[in-house]
Amino acid sequence: MTGAQAIAYLEAHPWSAQRLGLERTQVLLHALGDPQRELKFLHVAGSNGKGSTCAMLESILRQAGYRTGLYISPYLQDFCERIQVCAQNIPGPRLAQLTQRLQPVADAMDDPPSQFELVTAIAMAHFQQEGCDIVVLEVGMGGALDSTNVIPAPEVAVIANIGLEHTQYLGDTLEEIAAAKAGIIKPGCQVVCYDGPPQATQVVAQVCRQAGVPMTLADFSQLTPLSHGLSGQRFAWRGSQFSLPLLGAHQLRNAALALETVQALARRGWHIPEDAVRRGLAQVRWPARLEVLCQAPLFLLDGGHNPQCAQALAQALQDYLPGQKLTFLVGVLAEKDYTSVLRTLLPCAAGFVCLTPDSPRALPAQELAQAISALCPLPVTVCQTPAQAIPAALDTGLPVAAFGSLYLAGAVRTAFPTALRGWLRRQKIRARDSLSPQTRAQLSRQIVQHVLDCPQFQAAQTVLLYRAVRGEADLSGLAQAPQAQGKRLAYPLCLDSGQMAALIPQGEDAWRPGPFGIPEPIPERSQLIPPQELDLILCPCAAFDSQGGRLGMGAGYYDRYLPQCRPDAAVAAVAFEVQRLPRVPTQPWDHPMGLVVTEQGVSRPGDGPTSV
């Protein structure tokens with residue numbers, strides 16, 4: 001069995017909602033040798049914020065030198081995210097090995113286990129095999145009958161913010177839901193509870209009294225916000241200052257809950273230095289929770305899916321973008337109270353782009369659009385895929401916030417890098433093409449002069465340049481310049497293999513029209529130049545930034561070719577200033593440019609132009 005086959009087997013099982021209970025998980029764990037009995041736990045339940053709290057606690061404990069396990073659900077982009085050791089996903093071969101051990105047991109059970117129960121058992125075995133010192137364990141749903149509650153008494157049972165959710169399974173009132181979540185409390189543990197709705201807190205306190213365990217209520221009066229921005233926030237808690245990259249006032253309260261939990265662990269003998277706490281909070285990563293995917297254009301991603309989450313998102317938007325209207329990219333599950341969610345966010349909305357989340361429980365985008373139109377007269381667009389929806393939202397020219405479901409968040413997060421690069425590329429090509437032919441010619445002459453004047457060109461013996469197509473900066477003046485006499489000027493040829501070659505045409509009849517109208521050298525009438533002989537490579541680009549990032553024009557040909565060149569060869573992006581971006585979103589295969597040439601001059605990444 002491979003990792004992919006293991007995931008396919010697990011995903012063939014239903015999730016868990018209708019089948020709460022511990023018996024099936026206990027059978028699975030017993031087949032694995034009851035690994036949960038050899039582990040220590042932080043057990044975290046709640047309606048909102050439990051995932052963020054888990055991420056903070058795991059980061060803090062890892063910074064304190066402990067070997068940590070983290071169990072979360074659902075995943076965003078990779079099935080294996082759900083089971084992590086020291087921030088590393090469970091490897092595919094290990095997942096396959098443990099799944100293969102469980103498969104005959106699961107298939108033989110009269111009451112078949114759910115996917116969540118199978119994954120819980122696999123997680124426990126992985127944590128035990130990896131020798132985890134402590135496992136941060138997120139409850140899937142509820143608490144008392146959740147699959148994760150097969151563990152012995154945890155070091156600390158953490159109760160995050162409680163709200164109305166899963167009422168068909170957990171109860172119709174806050175008291176009933178709180179009682180279900182308080183089911184993770186066992187004699188021998190300590191309890192830290194979010195200071196939320198009083199009726200929920202009272203239930204947790206009563207359960208603690210019955211179990212004879214101490215309860216600490218997170219003291220938000222000790223919490224003082226100091227500063228916040230889209231890159232993170234600073235706060236003080238009980239006289240100490242901390243940085244947190246997660247956005248929103250609600251994350252400060254989750255951080256206070258985590259800090260109270262750290263103190264509870266300290267009372268039990270765990271050594272967690274304050275500098276580890278600071279590093280852990282400063283370095284925590286918890287994607288799709290008011291996550292800034294891009295600052296320019298601004299694109300926020302939030303997995304919020306219930307009224308409480310919507311209130312937190314609306315408050316955060318007012319705090320970070322006061323008075324600003326946004327385009328919302330939204331997709332929801334049909335069972336959620338999406339009408340209340342939409343009403344909460346309407347004051348911040350300028351328009352909506354609707355998608356159907358990748359879930360059998362999803363509300364179709366067209367139905368969501370109809371629901372929005374019934375609430376307000378704002379423009380609504382329906383898209384079929386995230387690759388269509390992301391550019392449609394960005395085209396409005398407003399900040400974008402995607403929200404409504406973690407299923408939507410995972411799909412958007414996966415599609416975003418490629419969709420953003422394509423959108424930025426189109427934007428900058430439009431900006432370039434909006435220049436008049438006369439302006440392009442004038443600016444191209446300035447660019448040619450800057451190239452001729454730069455030391456890298458003057459020292460070069462062999463230069464790779466290009467023949468311009470459509471609105472690109474035209475470098476044809478280089479070939480006629482006296483300064484180019486005696487230099488070898490090569491041009492690119494894009495081969496059918498997907499590779500690129502550098503050729504020096506031997507006369508004007510050595511050219512032919514290539515794909516998309518780009519002139520290219522004829523190989524039989526040209527001299528082939530090995531990439532190692534190039535001293536300077538001038539690359540056309542669709543967009544660039546001051547750090548050497550570049551969105552190319554050559555369908556990846558340059559990105560595959562440049563690593564073959566000498567490490568000391570000078571590489572320059574060539575474009576007009578209207579093609580400049582604050583930051584180009586890079587990919588691992590992108591080759592950074594050592595120089596940028598525009599009509600304003602030649603600059604190195606991070607510097608201003610050296611000639612104007």
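Start by selecting Phe 328, Phe 352 and Phe 403: together they make up one aromatic cluster. Keep in mind as you look around that this model is predicted.

Next, pick out Phe 299 and Phe 416, both of which are buried. The structure has nine aromatic pairs. In this one the ring centres of Phe 299 and Phe 416 are 4.6 Å apart and the planes meet at 50 degrees, so the pair counts as tilted.

Show Phe 242, and you will find the charged end of Arg 278 over its ring, 5.5 Å from the centre. Then move to Tyr 557, where the charged end of Arg 560 sits over the ring, 5.2 Å from its centre.

Now for the largest nonpolar core, which has 51 residues; Phe 457, Leu 475, Leu 478, Ile 537 and Leu 538 touch the most other members. Among the elements that each supply at least two of its residues are α16 (437-453), β19 (488-494) and β24 (536-544). The biggest contributor is β24, with six residues. Zoom in on Leu 478: beyond its neighbours within four places in sequence, its contacts include Val 448, Phe 457, Ala 484 and Leu 538.

Finish at helix α4 (residues 92-108), with 17 residues. Where does α4 bend? Select Leu 102: the bend there is about 35 degrees, and Pro 104 follows within four residues. Leu 102 is also one of the buried residues of α4, and the cover over those buried residues includes α1 (3-11), α2 (23-31) and α5 (115-129).

Conventions: Residues are numbered from 1 along each chain as its sequence is written. This is a predicted model: local features need pLDDT of at least 70, side-chain atom pairs count only at pLDDT 80 or more; totals for chains, interfaces and linings use all residues. Side-chain values use heavy atoms; hydrogens and water are left out. A nonpolar core is a set of buried Ala, Val, Leu, Ile, Met, Phe, Trp, Tyr and Cys residues joined through side-chain atoms within 4.5 Å. Buried means under 20% relative accessible area, exposed over 50%, partly exposed in between (1.4 Å probe, protein chains only). Contact means heavy atoms within 4.5 Å. The expected span of a helix is 1.5 Å times one less than its number of residues. The bend at a residue is the angle between axes fitted to the seven residues ending there and the seven starting there. Rings of Phe, Tyr and Trp (its six-membered ring) pair if their centres lie within 6.5 Å; planes under 30 degrees apart count as stacked, over 60 as edge-to-face and the rest as tilted. A charge sits over a ring if NZ of Lys or CZ of Arg is within 6 Å of the ring centre and within 35 degrees of the ring normal.
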